Amino acid sequence: MMRGPGARPTRRTALGLAALSAGGLLGGCGRPSTPSDPSTPPTAEGGVERIEYGSDAAQFVELTRPRGASRGTVVVLHGGFWLEAYDVSLARPLAADLAARGWTALAVEYRRVGGGGGYPATLDDVSAALDLLAGRTGAGPLVVLGHSAGGQLAVWAATRRRLARWRSARVVPTHVVAQAGVLDLRAAAAEDLGGGAVRGFLGGSPGERPAAYAAADPRSLVPAGVPVVCVHGRDDATVPIEQSRSYVRAARAAGAGASLVEVPGDHLDQVDTGSRAWARTLAVLDDL
């Protein structure tokens with residue numbers, strides 16, 4: 001995978017909590033600031049707000065609000081096989097495009113393998129970031145949208161309250177959209193997707209770490225409890241489309257609402273806002 005455009009904001013300007021409350025989202029949660037990075041696409045509201053949910057440098061979200069009333073909230077979880085080398089810059093173009101189309105967008109950074117992440121820290125971070133939205137989402141759906149490894153995290157986020165460690169989680173999405181998601185972790189480990197990325201994320205093979213696989217594998221956690229739409233490129237050689245097909249089969253067998261939208265293109269077309277694959281993802285959101 002490749003690093004997307006943009007870089008992490010470097011200058012923080014404190015904002016009053018009242019300013020966040022006035023936007024109807026995240027008021028009083030975390031420590032807000034405004035990034036000045038010119039590569040971060042501006043919005044009609046004047047920029048992107050950064051909110052930290054922990055003390056680690058990777059524990060923050062970037063909030064982008066649309067002009068006028070919001071259609072709903074989309075939480076964007078970037079991919080990169082859970083590795084430190086890939087960061088929230090992959091999510092920024094999607095968040096900006098969603099905000100331009102009327103959605104409130106929350107791009108999430110989290111600890112990754114090589115930077116203090118992996119199981120269970122990465123999952124802890126995704127849960128904490130999503131819980132920032134407790135009582136603050138307003139009208140409209142709350143969608144978690146994840147690409148690649150972010151697809152695993154997105155589906156997992158909908159199921160996490162069934163697991164003892166995350167039973168107290170406060171926010172559950174109304175819908176999940178997984179773009180080229182790594183949704184069958186046992187198969188992904190067996191096929192060595194990402195050069196051993198799944199074993200790196202979970203600390204070993206399924207035989208060595210059965211509890212970690214049971215707690216993190218979307219295919220093992222069906223039904224998710226909310227509708228899941230998998231959007232996957234037919235020519236994806238990085239995360240084969242069988243990952244989504246396998247998940248949808250298992251979810252439907254468990255009586256869950258799950259569907260697969262096959263799109264043209266390869267893995268990175270999913271995060272290219274000018275691609276037909278992204279246009280199909282937007283159509284999925286329009287239909288929610």
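This is a predicted model: local features need pLDDT of at least 70, side-chain atom pairs count only at pLDDT 80 or more; totals for chains, interfaces and linings use all residues.
Which residues have the most contacts inside the largest nonpolar core? They are Trp-82 and Tyr-247, in a core of 58 residues. A nonpolar core is here a set of buried Ala, Val, Leu, Ile, Met, Phe, Trp, Tyr and Cys residues joined through side-chain atoms within 4.5 Å. Buried stands for under 20% relative accessible area, exposed for over 50%, and partly exposed for values in between, with a 1.4 Å probe and protein chains only. Residues are numbered from 1 along each chain as its sequence is written, and side-chain values use heavy atoms, with hydrogens and water left out.

Helices (H or I, at least four residues) and strands (E, at least two) are DSSP runs, numbered from the N terminus. A second, separate core has 24 residues, among them Leu-94, Ala-95, Leu-145 and Val-271. In soluble globular proteins, nonpolar side chains tend to be buried together.

Leaving aside residues up to four places away in sequence, the contacts of Trp-82 (heavy atoms within 4.5 Å) include Arg-112, Val-113, Leu-153, Leu-185 and Phe-201. Trp-82 also has a positive phi of about 65°, although it is not a glycine. Most residues other than glycine have a negative phi, and most peptide bonds are trans. Ala-180 has a positive phi too, near 50°. This alanine is found in the loop between strand 7 and helix 5 (185-190), and counts as buried because its relative accessibility is 0%.

Strand 7 runs parallel to strand 6 (residues 142-147), and five bridges join them; two strands pair if DSSP finds at least two bridges between them. Strand 7 also pairs in the parallel sense with strand 8 (residues 228-233), over four bridges. Ala-178 takes part on both sides: it is the bridge partner of Gly-146, and it stands opposite Cys-230 in strand 8.

Two cis peptide bonds can be described as well. One joins Tyr-119 and Pro-120, with omega about 0°, and Pro-120 lies in the loop between strand 5 (104-108) and helix 3 (121-131). The other runs from Val-222 to Pro-223, with omega near -5°, and Pro-223 is found in the loop between helix 7 (210-216) and strand 8.

Arg-111 lies in the loop between strand 5 and helix 3. Its side chain makes a polar contact with the side chain of Asp-125, at 2.8 Å. A polar contact is a pair of N or O atoms within 3.5 Å; within protein, one must be able to donate a hydrogen and the other to accept it, and residues adjacent in sequence count only if both atoms are side-chain atoms. Not counting residues up to four places away in sequence, Arg-111 touches residues including Asp-56, Gln-59, Thr-122 and Asp-124.
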